[in-house]
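Here are my notes on the model you sent over.

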Amino acid sequence: MSQIFHRSTNSIARVSIFGTIFIVAGLLVILLYINRSPWITRATAPREQPIQFSHERHVGGNGIDCRYCHTSVEDSRFAGIPPTKTCMNCHSQIFADAPFLEPVRASFATGKPLEWTRVHDLPNFVYFDHSIHVNKGVGCTTCHGQVDRMPLMYQEQSLQMEWCINCHRNPEQYVRPKEAVFRVDYQPPSNQAELGARLVAEYQIQKLTSCSTCHR
Amino acid sequence: MTTGKAFWRTLDELADDPSFRERLYNEFPSEVEAISDPTTRRTFLKLMGASLALAGVTACTRQPEEKIVPYVRQPEELVLGKPLFFATAMSLGGVATGLLVESHEGRPTKIEGNPLHPGSLGAADVFNQSAALSLYDPDRAKTITNLGEIRPWAEFLAMMRATLISQKPLQGVGIRILTEAVNSPTLAAQIQDVLSRFPSAKWHQWDPTSRQHTMLGARQAFGEFVEAQYKFENADVILSLDGDFLGLAAGALRYAREFAERRRPDDAAHMNRLYALETMPSFTGAKADHRLPLKPSEIEVVARQIAAALGVGSASAPSGDAQKFVAAAAKDLGEHRGRSLVVAGESQPPAVHALAHAMNQALGNVGATVIYTEPVEIAPVDQVASIRELTADMDAGRVDLLVIIGGNPVFTAPADVPFAQALAKVQNRVRLGLYEDETSAFCQWQIPQVHFLEEWSDARAFDGTVSIVQPLIAPLYGGRSAHEVLAAMSDRQEQTPHDLVREHWAAKEKQAATSPDFEARWRRWLHDGLMADSAFTPRTVSLAATATAASPVEAAAGGYEISYRLDPSILDGRFANNGWLQETPKPITKLTWDNAVILSPATAEKLRVDQRPAMRGGEHGEILTRLIELKLGNRTVRGPVFAIPGHPDDCVTVHLGYGRQRGGHIADGAGFNAFALRASNGMAYGRGLQMTETGEGYSLACTQYHHLLEGRGIVRAISRDEFVRDPKAMHEGFEAPPRTLTLYPEYKYDGYKWGMAIDVNACTGCNACIVGCVAENNIAVIGKDQVLRGREMHWLRLDTYFAGHETNPETYFQPMPCMQCENAPCEVVCPVGATVHSHEGLNDMVYNRCVGTRYCSNNCPYKVRRFNYLLYQDFTTPSTMLGRNPDVTVRSRGVMEKCTYCVQRINRAKIDSEKQSRRIEDGEIKTACQQTCPTDAIIFGDLNDPNSRVARLQKEERNYAVLAELNTRPRTTYLGVVRNVNPELGE
């Protein structure tokens, strides 16, 4: 009985067995990239909001400090979303009749709150605390990006655990002097490694990577 | 007492029956059907393959979009994300406990004791702890109804006005108000106001949780209603006449603290000694150095014998077991005149209370260990007479308007008082209640009552201290308070309850409610949760001739005796719809979700009823027992029997409050109704009980058969004299391996090193820690069926151990949370790294990593890990979601969980201290169990700080680690028990 397969098929078989390793490995790499991609993390994608509120206008243009609206950022885990009253502090005078501010005025008049869509949304089993980060020299823009250049708010970073852990392991690469925490125009100096190491010591920054630091 | 004494947990274990041992150790008992699933190996593999593939896919879902809803006008003092604490008070049975309530953005989530309040001292009991769940109970009454139809409040007011106008010329002869025991000065003033407007109207009271026998006993002793307050800190020798002053008593939290303070073995010379006569084993009996189990009627007999030996009254000579006890107790009391104390309990008739007062007088204790004040209840009455009179009036058609404020009299009235039938003859029946319950079914008008966390009111504590009850949240279901309903009966202008309470106190203080001076005081009262110096001042009393009169003797009826108690979890049934309380294992019996006919093993044998753990393999949560018919007079009920060690023979104990018909989804169908037996001529106990076996079986969910001892030194105890001789004697025979005996490198803890010490000697077994833990950590309620399978989710359990003979054993309670081992057996077996060691020594449990292999739980020698076999958490009911602690993850199905040392509290304190660049101070962090503990038995802190309380306690000689021989090096250690045994009585 003659051979069904030609001798050359042996090589094909060998090559394909060998190649499968690369194909599987390649698929895994693609999967990892997809998992880190904005398609999954929704980074850089602006969300639909009830009002076209522009951080670019308010922070970049008017130079309002972050804490004017996000009042509890230094005291609480939650930075705080301003009550309608905060908007009306100015907008009862400025653009008082602007049609795109109608939802704000309606909210103020009826007492029904505005419903914003959460942009930076951590999973429910993660407990992040704003206050300790800003108190230890982590700047707003380090995580939130250049909000003064964001007409519509989006999430700059992946907010995935490896991104958190990266800073928790190497805080010296990211910390800045406490007085610069709320500055949106802050750029890390060329000697960040040296400055960072000094600040980590001065602020007694701990490299906390225990699970219960964030998960409980 | 000798070391190495034999401890045991269940009667079967004590009997050491080989078939019981076999059942326990056989994981696949032969009586269980063989696994006869038709699934073949092939389908099994297919399914497993598919599940594995799909399990991966589920991880790829994106998070659903979330909304942030800010305030429109944010309250000034509120910092978003930070809880606020408000002081308020909770009343039960006419006595208030001061509380601090944690509020997250307006949602009350956690209740703690108010450290400033004399009745709390920072502690809270199970009922206080569980109140947050009752607030959000979706079964609460939600609308005002008339004959089942929804009606507006205005219509109710119109009805009320019309009725009152027609009653006006009759002086209100047809008006009746039925309340529970009232300790709210404002409410009492309102009632008096209505009564002065309608002089012929009548106010009745009925409250099964109030201290009727205590009050009537005081009246018998002194000829008037007075309140006895105890000073346990001054008492060297205490005699309890079935008086559970550590459990269900006014001021129990404070008494437990004072009692425990006098039992610190490091001050061995000042340890008090407690003698207890009791029927149903209680907290107090368990802590007693000498306990005598007696039938309910015998307690009075033996009490009189002790009294006679002290020269109070006369009595027959003691006999049998009691002889030595009476002589020793009388001698001990007599030697400690002015430093002794006799306390009688609610489950004994008034005559025993009167006798206790007479004994305290004779012993010179008045002014030293007991003081008398005016009663906390504002107008105490003989409630049985009160409800009987009301029933007679209703039956005779003399009542046109009955307003029932709270309570559930249709369910709780004495069985021989036909309250429900008579109620139907009343023209206008108005009911204010939290639930649409049995009583609502008989009333035309049902008005939803506000929960105490939703109302303005005021309340007196056990010593008379007044607290303003302030609301934490607007009424969830538009409820109305008692103040509003009574205001509707007055001729004054309609007022809010806030204004009513405020004006009442302004008038009392002779100030205008609007004056700035009063405003300042009012704010101070609200802030502190009490009015300073409002406690009653002691008054003098003189014994009446009737003080030592015996209880009326019934004709000897034969048969058994039956003792009635409020259920330790649900009281008279008012908390029956509270899952946290239903699932908390009851003290001593460790039953959940049921009451039982509790009796002694010998009596059970006499009745030929037996109980045994079901053969299911696993955790033995199911006890198969027998239903028995109880017949008292012409009344019968059926209930399951449950034999426990230490219960006297020839009598049974039943707990009231179960057998609800219209109590809500959780309450209905659980247990049997013991109120149906209790008649007005035997409110404390009944005689002449007949019991017949029905031949039917019943399953009780009991957690006592879990995790047996197997001879390990889990509890250690010693007598005081031996302790003084050799403080380490209790550890004889138990050795921990040397620290070098491990393959793993030592962990280093540079910062904090958390640890806990639990003083078993101080623990009274009150369960408050368990419910506090449930409330703090969002622990799920799983229901009776799952407890039967041994799956209860409590992170902290309270083990009960016995030592000695089953007729009268010593009882020990041991709280058992996660030990946070340094060499943790759970950590090394987790295949996915879901439980790992933290840099501060906690065994972190990472829910999002857990895949549910349960290897960790299997490898945990302390059995403190809990697994979500099913989706136990309620993710859908909106009201229950409001009550959760936002700082703790709500766990889903398939995830292991366990005690975290309240890591959310640790993190909160760490963040606060880091922001101020300081170390956490000792005592700054209190775990939930520690915070609520009335006796300070649980101490948490930093072991790296040699001066911290926990570090000092762990160096004490009584300190030991449970299962130290396994080299797990637990972080939670225990302090052994020292009993102050009277050498004359010995063991």
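1. His104(B) stands opposite Arg107(B) in strand S5 of chain B. Here strands (E, at least two residues) and helices (H or I, at least four) are DSSP runs, numbered from the N terminus. S5(B) covers residues 107-113 and pairs with S4(B) in the antiparallel sense over six bridges; two strands count as paired if DSSP finds at least two bridges between them. The hairpin of S4(B) and S5(B) has two residues between the strands, and Glu105(B) takes a positive phi there, near 45°.

2. A word on what you are looking at: this is a predicted model, with local features needing pLDDT of at least 70 and side-chain atom pairs counting only at pLDDT 80 or more, while totals for chains, interfaces and linings use all residues. Residues are numbered from 1 along each chain as its sequence is written, and chains are lettered from A and ligands numbered from 1 in the order in which they are written.

3. S4(B), residues 95-104, is mostly covered, with seven of its 10 residues buried (20 or more other C-beta atoms within 10 Å of a residue's own; exposed is 12 or fewer, partly exposed in between, with C-beta atoms placed from the backbone).

4. Chain B also holds an open sheet of seven strands with mixed pairing, in the order S7-S6-S18-S17-S16-S8-S9. Its edge strands, each pairing on one side only, are S7 (149-150) and S9 (202-205). S8(B), residues 175-179, runs parallel to S9(B), joined by four bridges, and Ile177(B) stands opposite Trp203(B). Helix H13 (residues 383-395) of chain B lies across S8 and S9, at about 125° to S9(B). That angle is taken between N-to-C directions, on a scale from 0 to 180 degrees, with axes as lines fitted to C-alpha atoms, for helices over the stretch in contact.

5. Helix H17 (residues 497-508) of chain B has 12 residues and spans 17 Å from first C-alpha to last, close to the 16 Å expected (1.5 Å times one less than the number of residues). Its buried residues include Leu500(B), His504(B) and Trp505(B). They pack against H6, S19, S20, H16 and H18 of chain B. Just after H17(B), Lys510(B) has a positive phi of about 55°. H18(B) has 13 residues and reaches 18 Å, close to the 18 Å expected; Gly529(B), which follows H18(B), has a positive phi near 80°.

6. Which chain A residues meet chain B, and how many are there? In total, 34 residues of chain B are in contact with 36 residues of chain A, contact being C-beta atoms, placed from the backbone, within 7 Å. On the chain B side, H27 (903-915) gives the largest share, five residues. S1 (residues 116-117) of chain A and S2(B) run antiparallel, joined by two bridges, with Thr117(A) opposite Lys67(B).

7. Lastly, chain A is assigned domain 1 (8-36), domain 2 (55-81 + 120-213) and domain 3 (83-115), with bounds from an automatic or database domain assignment. The C-alpha centres of domains 1 and 3 of chain A lie 58 Å apart.

Notes. Two residues are in contact if their C-beta atoms, placed from the backbone, lie within 7 Å.
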